[in-house]
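This briefing is for a reader new to the structure shown below. It goes through the features by topic.

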Amino acid sequence: MFRVEKTEYVNKTFRMPLAFIQDLERIAQKEQVSMNQLVIQCCNYALAHMEETEPQPDSGAKSC
């Protein structure tokens, strides 16, 4: 049976260097996608290809 699916989005604010934003804007325009879609695709790719790291042992610092 056909089901309409809706993706839930959340608004977040990130501060990024101006040159980085300009590069993203240029790429989004060239590829004819929104900045939002480009950032989502970049983040998905980065997470899918991220190298797993071992948790670092506690450095002995005590929590207050």
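Glutamine 32 counts as exposed, at 74% relative accessibility; buried means under 20% relative accessible area, exposed over 50%, and partly exposed in between, with a 1.4 Å probe and protein chains only. The model is predicted, so local features need pLDDT of at least 70 and side-chain atom pairs count only at pLDDT 80 or more, while totals for chains, interfaces and linings use all residues. Residues are numbered from 1 along each chain as its sequence is written, and side-chain values use heavy atoms, with hydrogens and water left out.

- Glutamine 32 sits in the loop between α1 and α2; helices (H or I, at least four residues) and strands (E, at least two) are DSSP runs, numbered from the N terminus.
- The phi angle of glutamine 32 is near 55 degrees, which is a positive value in a residue other than glycine.
- Most residues other than glycine have a negative phi.

## How the two helices meet

- Two packed helices are described by the angle between their axes and the distance between the axes.
- The axes of α1 and helix α2 (residues 35-48) cross at roughly 105 degrees and come within 9 Å; axes are lines fitted to C-alpha atoms, for helices over the stretch in contact, and angles run from 0 to 180 degrees between N-to-C directions.
- That makes α1 roughly perpendicular to α2, where angles under 35 degrees count as roughly parallel, over 145 as roughly antiparallel, 65 to 115 as roughly perpendicular and the rest as oblique.
- On the α1 side the contact involves Ile21, Leu24, Glu25, Ile27 and Ala28, and on the α2 side Met35, Leu38 and Val39; contact means heavy atoms within 4.5 Å.

- Threonine 13 lies in the segment before α1 (18-31) and is exposed, with a relative accessible area of 76%.
- The C-alpha atoms of threonine 13 and isoleucine 40 are separated by 14 Å, and the two residues are 27 residues apart along the chain.
- Methionine 16 also lies in the segment before α1 and is partly exposed, with a relative accessible area of 36%.
- Leaving aside residues up to four places away in sequence, methionine 16 touches Ile21 and Leu24.
- Phe14, Met16 and Phe20 form a nonpolar patch on the surface, and together they have about 330 Å² of accessible area.
- Patches are made of residues with over 30% relative accessible area and no salt bridge, with like charges joined within 9 Å and nonpolar side chains (Val, Leu, Ile, Met, Phe, Trp, Tyr) within 5 Å; accessible areas come from the Shrake-Rupley method with a 1.4 Å probe, and for residues only the protein chains shown count as cover.
- Phenylalanine 20 belongs to helix α1 and counts as partly exposed at 41% relative accessibility.

## The salt bridge

- Side chains of opposite charge can pair when their charged atoms come close.
- A salt bridge is a side-chain nitrogen of Lys or Arg within 4 Å of a carboxyl oxygen of Asp or Glu, and by this rule the count comes to one salt bridge.
- The salt bridge joins the side chains of arginine 26 and aspartate 23 (3.9 Å, N to O).
- Arginine 26 and aspartate 23 both lie in helix α1, three residues apart, about one turn of the helix.
- Aspartate 23 counts as partly exposed, at 38% relative accessibility.

- Cysteine 42 is found in helix α2 and is partly exposed, with a relative accessible area of 38%.
- Tyrosine 45 is found in helix α2 and counts as exposed, at 55% relative accessibility.
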